[in-house]
Amino acid sequence: MFTFKDLLQLFPYRHIDKTKISNIRDITPQTEFIQVAGKVMGATIVGEKKAKRFVVDIKDSTGVLELVWFQGISWIEKMIQPGQNYLVFGRVGFFQGNAQITHPEIEPLTTEKQDGKSFLEPVYPSTEKLKARGLGGRQIAKLTAALFQALHEKDIPEILPDEILALLKLMPRFQAFSSIHFPANVDAYTKALERLKFDELFIAQIRTGLIKSQRHRYSKGVLFSHVGDLFNTFYKKYLPFELTGAQKRVLKEIRKDTGTGTQMNRLLQGDVGSGKTIVALLSMLLAIDNNFQACMMAPTEILAKQHFDSVSSLLKDLPVMVKLLTGSTKTKERKKILEETLNGSVNILIGTHAIIEDSVKFQNLGLAVIDEQHRFGVAQRATIWDKAIIPPHILVMTATPIPRTLAMTAYGDLDYSIMDELPPGRQPIITVHRYDDNRQRVMEFIREEIAKGRQAYIIFPLIEESEKLDYENLMKGYENVKAYFPEPKYWISMVHGRQTNEVREANMQRFIQNDTQIMVATTVIEVGVNVPNATVMVIESAEKFGLSQLHQLRGRVGRGSEKSFCILLTSPKLNKEAKERLKIMTLTNDGFKIAEKDLEIRGPGDIEGTRQSGALNLKLASIVNDKQLLETARACAQRLLDKDPDLNSAENLRLKNHLNSEFGKTSWSKIS
Ligand code: ADP
Ligand code: MG
């Protein structure tokens with residue numbers, strides 16, 4: 001905290017009724033926070049070095065309570081006078097069966113305290129360190145109160161246009177700030193909270209709305225004026241299947257975007273297996289037909305290689321040069337590719353983030369496809385803009401469905417398409433949850449599937465913190481699987497992060513070619529790997545995975561026309577959250593439903609890819625709990641921008657001033 005504004009925006013997480021002082025006798029193991037008043041009986045320093053602590057006994061007419069400090073002892077010791085009365089607030093804990101409060105907020109009890117103006121005293125978040133130095137929540141409350149003594153209405157001016165204020169009957173902004181800290185009553189607090197939440201959501205929507213509309217209006221993009229020979233020939237002669245309705249719709253959207261002369265910045269959300277690759281391929285052909293190059297970026301080498309293989313083979317009879325560039329491309333080969341990319345002979349460059357390195361220069365890049373977007377940050381996206389004088393069109397594809405509310409907030413500046421239809425003939429994947437002691441039966445099941453000519457994945461967790469242990473588990477698991485499936489009747493591939501690229505690649509290829517029937521792997525294979533003949537996905541220690549990860553993994557099967565199965569193996573001891581996750585997995589195959597649940601369970605901060613977006617910088621509002629308010633804010637923001645896209649009208653002046661002072665005079669169109 002550096003400024004008064006920071007202090008103002010440190011919101012209380014609760015209020016306590018100052019008139020309510022509890023009896024020490026009434027503390028039960030269920031008591032969370034408590035406020036008591038009493039006389040300090042004894043105050044002593046006990047223990048030494050790390051165990052050193054300051055212990056105070058405070059007594060009211062009903063009993064004695066122990067207060068303990070581990071830090072800031074000398075400071076607090078000076079402040080506490082035995083025999084004096086104090087007001088104490090804090091979280092009750094139990095130590096060897098006795099109630100105590102560690103690092104409580106404490107202040108001398110004065111009679112005038114009892115008849116202060118406000119009944120509801122704010123409680124602010126603080127840290128142990130701050131508390132130990134006397135800056136607990138209660139001291140912060142004092143600072144905030146002092147600040148409000150000095151503030152006038154003009155210091156927190158209104159920012160919303162009158163029309164919205166009137167329409168939604170919102171509390172004025174100054175009053176809202178005042179009431180969220182020092183509400184006269186519960187109702188005032190509720191109204192203040194609603195007002196400030198609305199502001200957060202509304203401002204976020206206005207900002208992304210501005211970026212989007214200004215980009216649409218001003219940012220020059222390359223023009224794909226026509227559909228040419230490559231696209232048409234491929235579509236008529238080489239397309240291996242009929243496109244789904246969703247694929248056709250998205251292609252239309254892409255053609256429309258790229259044909260306007262402004263830059264496309266489109267997020268394509270499609271559940272695993274919905275067929276995003278072919279959409280990317282057709283879009284790239286569109287670029288080439290219009291004399292531009294295209295590139296496609298994937299988060300891992302395996303994926304990049306796989307895209308390269310499938311794109312090359314689909315295009316093998318067409319005059320299109322496709323090249324692969326990854327971190328392991330040999331120097332000589334790399335040099336050649338760089339030359340050919342610069343002189344324009346490479347039409348499609350596929351690779352990992354190696355393709356956004358500075359040394360990679362295109363002659364005329366027209367389209368960049370980014371697959372599995374959640375692995376790439378906003379900054380990386382932005383680098384692609386610099387690859388050409390006129391920024392290329394950008395198509396970001398993600399298989400991690402994002403709930404609508406999150407998409408609206410975190411990706412509101414992008415145009416987005418949803419592919420909510422799977423190719424025909426797919427059967428829903430059957431998902432079951434089994435405990436470890438059923439492993440034998442699971443292995444038998446795999447054997448039956450292999451006997452029908454199918455293949456199976458067995459996935460082990462790999463969590464960074466316990467990498468060594470996980471690795472040992474993987475090896476043990478591998479030996480175990482080998483015992484069930486002995487050579488030469490069965491062959492097993494193993495893929496994990498500690499292998500060299502060559503070994504990993506070789507194992508991958510053997511599985512793809514059905515030379516091995518079982519793939520034992522860590523989550524390296526999580527994204528995008530496509531082996532339609534695989535019908536069983538076993539996930540070991542499934543309780544250690546998050547929902548979207550489980551869904552991604554499950555998406556590796558069910559890619560062909562055969563019935564597929566996902567078996568979640570766990571230990572019998574599961575916490576509530578894990579149980580909930582596993583249950584959702586067995587109930588639905590719908591990625592969007594799973595994403596909603598994931599958001600509910602984990603909260604937005606943890607959803608992959610949103611952490612760095614900054615758009616979720618919400619202090620009060622929550623996109624999980626305030627969906628309705630978010631919809632309202634979005635509708636208001638859109639209506640306002642439709643009427644006044646540059647915020648030039650008099651009634652929107654204060655909003656514009658607020659945006660400028662908060663975020664600077666941004667050139668909105670330059671943000672990707
Ligand atoms: P994802 O959206 O997960 O990237 P892919 O593009 O890898 O999905 O496609 C999954 C599988 O579905 C591939 O084997 C692909 O060839 C196939 N596929 C894609 N579109 C169709 C379609 N319209 N009809 C039949 N199969 C399709
Ligand atoms: Mg894919």
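Two strands pair if DSSP finds at least two bridges between them. Keep that in mind as you work through these exercises on a predicted model.

**Exercise 1.** Find the residue that stands opposite Thr-431 in β21.

*Solution.* Start with the strands: β16 covers 430-435, and β21 covers residues 565-570. Next, look at how they pair: β16 and β21 run in the parallel sense over six bridges. Now go to Thr-431, and across from this residue, in β21, you will find Cys-566.

**Exercise 2.** Work out which strands form the edges of the open six-stranded sheet.

*Solution.* First write down the order, which is β16-β21-β20-β17-β19-β18, with parallel pairing. Then take the two ends: β16 and β18 (492-495) are the edge strands, as each pairs on one side only. On average, neighbouring strands here are turned by 20 degrees against each other, direction ignored.

**Exercise 3.** Explain why the largest nonpolar core lies between domain 2 and domain 3.

*Solution.* Begin with the members: this core has 50 residues, and Phe-198, Phe-202, Ile-206 and Leu-349 touch the most other members. Helix α21 (residues 627-643) gives the largest share, seven residues. Now bring in the domains: domain 2 (162-181 + 191-217 + 626-659) and domain 3 (229-419) both contribute residues, so the core lies between them.

For a closer look, pick Phe-198: leaving out residues up to four places away in sequence, its contacts include Leu-160, Ile-164, Leu-629 and Cys-636.

Key
Residues numbered from 1 in each chain as written. Chains lettered and ligands numbered in written order. Predicted model: local features only at pLDDT ≥ 70, side-chain atom pairs only at ≥ 80, totals over all residues. Heavy atoms only, no water. Core = buried A, V, L, I, M, F, W, Y, C linked by side-chain atoms within 4.5 Å. Buried < 20%, exposed > 50% of the residue type's maximum accessible area, 1.4 Å probe, protein only. Helix = DSSP H or I, 4+ residues; strand = E, 2+ residues; numbered from the N terminus. Domains from an automatic or database assignment. Contact = heavy atoms within 4.5 Å. Axes fitted to C-alpha atoms, helices over the stretch in contact; angles between N-to-C directions.
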